[in-house]
Amino acid sequence: MSDVAALPNGWQLIVGLEVHVELATKTKMFSASANRFGDEPNTNIDPVTLGLPGALPVLNQHAIELAMRIGLALNCKVQPCTFHRKNYFYPDLPKAYQITQYDNPLNVDGHLMLPGEVRIGIERAHLEEDTGKSTHFGGSSGRIHGSDYSLIDFNRAGVPLVEIVSRPDIRTSEQARQYVAELRSILLAVGASDAKMEEGSMRCDVNVSVHKPGTPFGTRCEIKNVNSIRSVGRAIDYESRRQVDLIESGGTIRQETRHWDDSTGRTETLRTKEDADDYRYFLEPDLVPLIPDPEWIEAVRAALPVLPAARRLALAELCGVDKDGESALVVVERGQDDYVGAVISAGGDPRRSIIYVQQAFAEQGATPKVPAKDLAALTILERDSKVTSTQAKTLLTDLIEAGGGDVVAMVAKRGFETLDTNAVEAMVDAAIAAEPGAWQKYCNGEDKALGALVGAVMKSSKGKADGKVITALLQSKKNS
Amino acid sequence: MQKLVEIASGVGDGSLSASAVVEQHLARIDARESEIHAFNLVTADQARLDAAKVDADVKAGKKVGALAGVPIALKDNMCTRGVETTCSSKILQGWKPPYDATVVTKLRAAGAVIVGKTNLDEFAMGSSTENSAFGPTKNPHDISRVPGGSSGGSAAAVAAGFAAASLGSDTGGSIRQPAALCGVVGVKPTYGVVSRYGLVAFASSLDQIGPFTSDVRDAATLLEVISGHDPLDSTSIPQPAPSLVSVLEHGVAGMRIGRVTDLPDGCEPDVLERLESAFDALRSAGATIVDIKLPSIQYCLTAYYLIAPAEASSNLARYDGVRYGNRVDAADLNSMYAATREAGFGEEVKRRIMLGTYALSAGYYDAYYGKALKVRRLISDDFARAYQSVDTILTPTSPSVAFEFGSKTDNPLAMYLCDVFTIPTNLAGHPAMSVPFGTGAHSMPVGVQVLAPTLGEQAMFKVAAELERAS
């Protein structure tokens with residue numbers, strides 16, 4: 001999949017990811033304000049959200065539960081934890097500090113498996129609050145410096161976040177993409193977040209360094225503003241090449257934060273380590289330690305759904321496809337694996353069942369309207385060559401439009417009864433007679449000429465003849 | 001001066017008019033406020049409306065609360081919906097909160113009549129109200145002397161009869177020290193007994209709201225009203241308000257009272273003499289005086305002046321001119337921040353923000369803030385040991401009687417020493433209160449401080465009531 005060659009001269013890429021996800025709670029992390037994307041700016045606010053003098057935070061229990069679901073799904077240890085203040089000035093940070101977890105996070109020491117049994121360690125998954133959203137007007141950079149004015153929407157301020165920090169176990173940009181995709185499907189599966197990168201409810205910061213195997217890791221750069229899975233790969237490919245080129249031309253890597261520009265495909269310095277804020281972390285005195293009851297943890301664990309990896313494996317075994325392949329991935333992500341199971345239980349051809357659902361059910365959600373037995377019937381018609389694959393596609397569209405129905409009747413209605421082989425052979429003979437030049441070329445090994453002959457048969461059969469059957473007949477006549 | 005409990009019972013049974021009571025207090029304000037300056041804002045019109053409402057409720061036979069018609073003043077760091085709340089700082093001048101602090105909601109529900117917002121050292125940082133951006137409050141006993149601080153306005157308001165009671169906040173002694181200097185009762189409850197929701201934070205882990213009253217019974221009555229669990233404050237103790245009035249007549253027979261033998265130096269002889277008289281009085285009433293040691297007490301002042309400024313540096317960072325309060329416009333964001341905060345904060349606030357920022361900075365955290373937290377644990381351990389052998393502890397509230405204006409303003413350390421006896425309580429989260437116990441030098445009031453362990457308010461009030469009977 002990787003569209004960029006491995007790094008030259010034996011350089012090894014080292015990547016760690018910090019992924020922020022907004023939790024799907026009704027209210028904010030520390031107040032009763034609504035947590036809802038897309039509302040009119042500055043409508044989901046209250047004294048706590050705005051950091052008004054005297055306002056105090058109160059922990060949202062549902063946010064804790066969703067964070068525990070994430071931790072448990074990532075095989076983390078869920079532990080007693082504390083909250084700290086991370087102090088810095090910025091207009092969209094209302095209190096001038098972010099409440100976050102520092103040396104005692106809720107979830108620690110987990111892992112996530114990628115295709116090919118690649119294990120990526122999870123260092124921690126901690127709770128924190130989101131900032132407001134700034135929009136800068138005027139100027140060219142879209143950033144605050146040089147802008148004419150800025151507007152702030154505090155609807156996002158105080159939205160509960162979980163930051164999932166991987167260990168630097170990722171070795172290729174492809175693995176990084178797989179990691180983000182897999183994490184996303186886990187988050188969706190456990191209902192912790194809608195994980196929409198385009199809406200910012202899932203955001204990635206990428207730490208990239210390069211080194212030669214056997215030597216210590218190189219200095220890392222943190223890349224921000226990476227807003228799609230594709231950008232994760234592109235940013236890593238660009239940044240790792242930049243680092244290698246810089247080192248090989250005699251330069252050194254500075255520890256810094258860099259900004260990914262999706263339009264230019266480059267990263268640029270945002271701030272260097274010297275410019276970095278001293279966050280002056282200290283224990284948040286307005287909150288008490290969070291000590292999740294072990295019984296609560298076990299209840300959350302017991303209520304976790306079967307996770308995507310296990311579902312893909314089960315589905316792949318059922319359908320006889322690759323567990324890391326596209327069809328298992330897509331069908332499980334849409335939550336249609338149970339449906340595929342039902343189609344197969346209703347007698348459907350396993351392979352065709354998953355492929356049909358993958359290809360035609362993108363808009364159907366987890367519970368498609370088409371009854372499983374109807375889809376099963378269609379897969380059998382195709383398997384038994386009662387209809388051609390082209391006809392099957394048309395019938396599938398009909399089936400979805402009608403929300404199910406008697407497939408045999410649909411075949412009749414479309415006039416899709418396949419012609420028997422004798423009838424097709426007569427048409428093939430007629431086509432050879434009608435296109436002697438093409439037949440001669442075909443016999444001389446020019447496969448291009450096949451198209452004209454098949455086309456002629458299709459035309460005379462009004463599309464009812466099976467292309468595979470026509471080709472097989474021509475083949476046998478050529479060889480005879 | 002009318003007691004809170006007399007007003008409340010009189011108004012409640014219809015024998016007293018809340019409106020008349022409010023007018024008496026407003027008249028006293030008219031007469032003396034210009035020289036005392038206890039208030040940043042007197043809400044006379046609203047107070048008259050509220051009092052009339054109470055009277056109407058009584059007339060209509062509706063049930064009225066425990067503070068019906070009681071005129072109460074609020075330190076101007078407690079949020080009042082739609083009413084300017086300034087913390088005596090230019091940076092918040094003109095700011096009207098969109099919500100009431102939990103204590104304000106409780107006072108209103110109990111029928112209290114809020115007469116105004118009282119002056120304080122800016123953001124409650126100080127011991128004399130000289131750090132107010134709006135000018136100092138004078139001690140009603142001698143206007144050449146400070147009322148103490150930071151809740152100096154609230155203490156003076158009660159001492160001058162401007163209000164039957166007031167609320168203050170105490171981070172390192174800001175209720176007890178001014179209570180002592182103004183000759184009134186001042187209580188800092190156990191941390192978490194009174195909700196901090198709506199109290200503008202100075203140092204969140206130390207701040208606690210409490211009452212000023214002219215006697216111990218009033219203090220117990222008011223504290224019962226404002227305490228209790230508040231789901232809006234995560235540090236609020238999840239249990240009901242303690243019963244305090246019921247214990248006031250219990251006496252102290254059989255109680256063990258601690259005398260700290262390693263108290264820090266620097267206490268004036270007149271104050272120590274009153275403390276000894278207090279021990280004598282308690283002994284006469286049947287208590288046993290037990291010598292105890294608090295070895296870590298000598299480190300408390302230093303630890304406090306790292307912890308409180310550290311939290312303050314974070315709590316006060318929100319005053320950045322972006323969303324509310326005053327803004328000084330400038331060419332870019334950082335210049336706007338700097339200009340706003342330069343113009344908006346006074347000298348002492350800036351000093352503490354600098355101190356606290358430094359104490360939390362990378363490379364200094366362990367040596368300063370981290371070490372201060374260790375002292376905090378040590379003094380808590382000292383107290384825990386002491387309370388194995390005593391029920392309460394008695395110390396001076398303030399090392400001296402009220403001092404003259406300007407006598408400590410050039411020397412921040414001398415000012416900080418005003419809180420040397422009150423700070424350990426805040427570090428431990430314990431309750432303590434100051435009770436007037438005669439006068440000292442210049443015939444100025446002297447207070448003695450009763451300390452108790454966490455949620456030891458009942459024992460504390462028993463001793464306070466006994467001291468009041470003896471004084």
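**The setting, then the sheet**

A: Of the 480 residues of chain A, 50% count as buried (under 20% relative accessible area; exposed is over 50%, partly exposed is in between; 1.4 Å probe, protein chains only). This is a predicted model, in which local features need pLDDT of at least 70, side-chain atom pairs count only at pLDDT 80 or more, and totals for chains, interfaces and linings use all residues. Residues are numbered from 1 along each chain as its sequence is written, chains are lettered from A and ligands numbered from 1 in the order in which they are written, and side-chain values use heavy atoms, with hydrogens and water left out.

Stay with chain A for a moment. Its C-alpha trace spans about 90 × 55 × 50 Å along the principal axes. Chain A has 15 helices and 14 strands. Both are DSSP runs, numbered from the N terminus: helices are H or I and at least four residues, strands are E and at least two.

Two strands pair if DSSP finds at least two bridges between them. Strands of a sheet pair through backbone hydrogen bonds, either parallel or antiparallel.

Strand β7 (residues 256-260) of chain B pairs with β8(B) in the parallel sense, over five bridges. Val260(B) stands opposite Ile292(B) in β8(B). Contact means heavy atoms within 4.5 Å.

Zoom in on α15 (residues 457-470) of chain B, which holds Glu457(B). Glu457(B) is buried yet has no salt bridge (a side-chain nitrogen of Lys or Arg within 4 Å of a carboxyl oxygen of Asp or Glu). Which side chain of opposite charge is nearest to Glu457(B)? It is Lys188(B), 7.3 Å away. Lys and Arg count as positive, Asp and Glu as negative; His and the chain ends are not counted. Leaving aside neighbours within four places in sequence, Glu457(B) is in contact with residues including Pro189(B), Val193(B), Leu244(B) and Pro431(B).

Elsewhere in chain B, helix α5 (residues 152-159) is largely enclosed by the rest of the structure, because seven of its eight residues are buried. Among the buried ones are Gly152(B), Ala156(B) and Val158(B). Just after α5(B), Gly161(B) takes a positive phi of about 75°. Gly161(B) is 9.5 Å from Leu26(B), C-alpha to C-alpha, though they are 135 residues apart in sequence. Leu26(B) belongs to helix α2 (residues 18-36) of chain B. Leu26(B) counts as buried because its relative accessibility is 5%. Beyond its neighbours within four places in sequence, Leu26(B) is in contact with Val42(B), Ala44(B) and Arg48(B).
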